[in-house]
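Student: Could you take me on a close look at the aromatic rings in this one, and at what sits around them? I'd like one connected story, please.

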Amino acid sequence: MANPLSTLLLVALLSLSAAAATRTKLQPTNNVDGGICKSLVETQGYACEEHKVTTADGYVLGLQRIPAGRSGNKTAAKLPVLLQHGLLMDASAWLLNEPDKALAFILADKGFDVWLANARGTESSRGHTSLSPNDPAYWDWSWDELTAYDLPAAFQYVNNQTGQKLHYVGHSLGTLTALAAFSQEKLLNLLRSAALLSPIAYLGQISPFGRTAADIFLAQVTQLDELLFYFEIMGFLGLALLGSQAFPNEQVNRLLDFICTRPGIDCSNFLSVTTGPNCCLSSSSIDALFKHTPQTTSTKNALHLFQMVRKGTIEMYDYGLPITNMQHYRQPTPPVYNMANIPKDVPLFLSYGGRDLLSNVFDVNLLLDNLKDHDKDKLVVQFREDYAHMDFIMAMNANQVVYDPLLSFFRLH
């Protein structure tokens, strides 16, 4: 085992190392001036409500509701639909285009009762019943907790407010948490159907940028695990400290600078190198995107995703040591989310792209192989050869080529 002091020094050096910066630094966002409703929804002529829901583990999440379209019609027959964003984003992801091209507005104008979720740690969801975001314990979570607590709280709240089961739309990380929950047969009693855009269950074929980030990040974690283990066996450390911090931060900027100097990785178009060559984004929507991102997540969440990249599996957070996994799971390895356990009669609409570097075609096909026995009339799969990751929520033609089929699917269920 490495000497713990030299290990700590190595971690510090890795954290501080960086190439000269050649791109714009990620800056903290400040995109909720009076709330998402006031800044992004009401400005487009829609009524909007800000709601709060508390999860079973104490996080206070913001939800925005668009109860009607611009016509103002409010009817009791409206079906609720919950939209869940992806990593480093918040509910603004569904509001970046003009109303006739942004999914949240389209759904409202088509007669749906639209609810926008915000994951814990984002600007709308920084509350907690006892913790502050300045407390390390506040950030001690990964997407396991988004699956176990955030989604159920949002689902139940919308159901309580409307008295109806809901449709669900997830993008990226918002598909992963839903698929994980469905595989455990959770949320199904509150669900009508689910539309999964850029679905993620596996990340083994992610982009070179993503794999490099995972390798660098996990190399640091391996060194830190050794240090934590040393303290554990000496009796000095009773709590896992790994991941108890916010992400992104200055360390992330240094990490990105380092990755962008690696051979074969060209960060001159940062959106393309990370998400794929999106076909159909307008310059105004790209500008809007970078005004509202990156939102904050936890380092532990990033580590969990990087574990998926390295292992090519979908399982709960790996604490690295069998003894620590035993403490959390009563088994030496993390439990697996088995996609084949998703009930065959759950209505699913999956749409994925041929140029997506995060929801890679081969990884999506692995998911689809797990769903091969799904009821044929309950599974709709759409493939867009020209789409990359952000096209599904920002493309100028998504209203026609993705959202029209999605709406038809909702009408069937």
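Tutor: Let's begin with a term: a nonpolar core is a set of buried Ala, Val, Leu, Ile, Met, Phe, Trp, Tyr and Cys residues joined through side-chain atoms within 4.5 Å. Buried means under 20% relative accessible area, exposed means over 50%, and partly exposed is in between, using a 1.4 Å probe and protein chains only. What you see is a predicted model, where local features need pLDDT of at least 70, side-chain atom pairs count only at pLDDT 80 or more, and totals for chains, interfaces and linings use all residues. Residues are numbered from 1 along each chain as its sequence is written, and side-chain values use heavy atoms, with hydrogens and water left out.

Now the setting. The chain has 14 helices and 11 strands; these are DSSP runs numbered from the N terminus, with helices (H or I) needing at least four residues and strands (E) at least two. Of its 413 residues, 55% count as buried.

The largest nonpolar core holds 71 residues, and L82, W143, F155, Y168 and M339 have the most contacts inside it. Helix α4 gives this core its largest share, eight residues. Take M339: leaving aside neighbours within four places in sequence, its contacts (heavy atoms within 4.5 Å) include L179, Y202, I314 and L371. There is also a second, separate core of 47 residues, with A102, I106, F349 and F392 among them.

On to the rings. A pair of aromatic rings is described by the distance of the centres and the angle of the planes. Rings of Phe, Tyr and Trp (its six-membered ring) pair if their centres lie within 6.5 Å; planes under 30 degrees apart are stacked, over 60 edge-to-face, and the rest tilted. By that rule the structure holds 14 aromatic pairs. In one of them, F155 and Y168 have ring centres 5.6 Å apart and planes at 35 degrees, so this pair is tilted. F155 sits in helix α4 (residues 143-162) and Y168 in strand β6 (residues 166-171), so the pair links distant parts of the chain, 13 residues apart. F155 is buried, with a relative accessible area of 1%, and Y168 is buried too, at 0%.

Here's another pair: Y319 and Y329, with ring centres 6.1 Å apart and planes at 50 degrees, so this one is tilted as well. Y319 lies in the loop between α10 (299-311) and α11 (322-329), while Y329 is in helix α11, so the pair ties together parts that are 10 residues apart in sequence. Y319 counts as buried at 15% relative accessibility, and so does Y329 at 17%. Elsewhere, ring pairs link Y59, Y138, W139 and W141 into a cluster.

A charge sits over a ring if NZ of Lys or CZ of Arg is within 6 Å of the ring centre and within 35 degrees of the ring normal. K300 lies over the face of Y317, 5.0 Å from the ring centre, and R384 lies over the face of Y387, at 5.3 Å.

Finally, back to helix α4, where D150 is found. D150 counts as buried, at 7% relative accessibility. Its side chain is joined to that of R120 by a polar contact of 2.7 Å. Not counting residues up to four places away in sequence, D150 touches T55, L61, A119, R120 and E145.

Technical notes: Polar contact = N/O pair within 3.5 Å; in protein donor to acceptor, adjacent residues only side chain to side chain.
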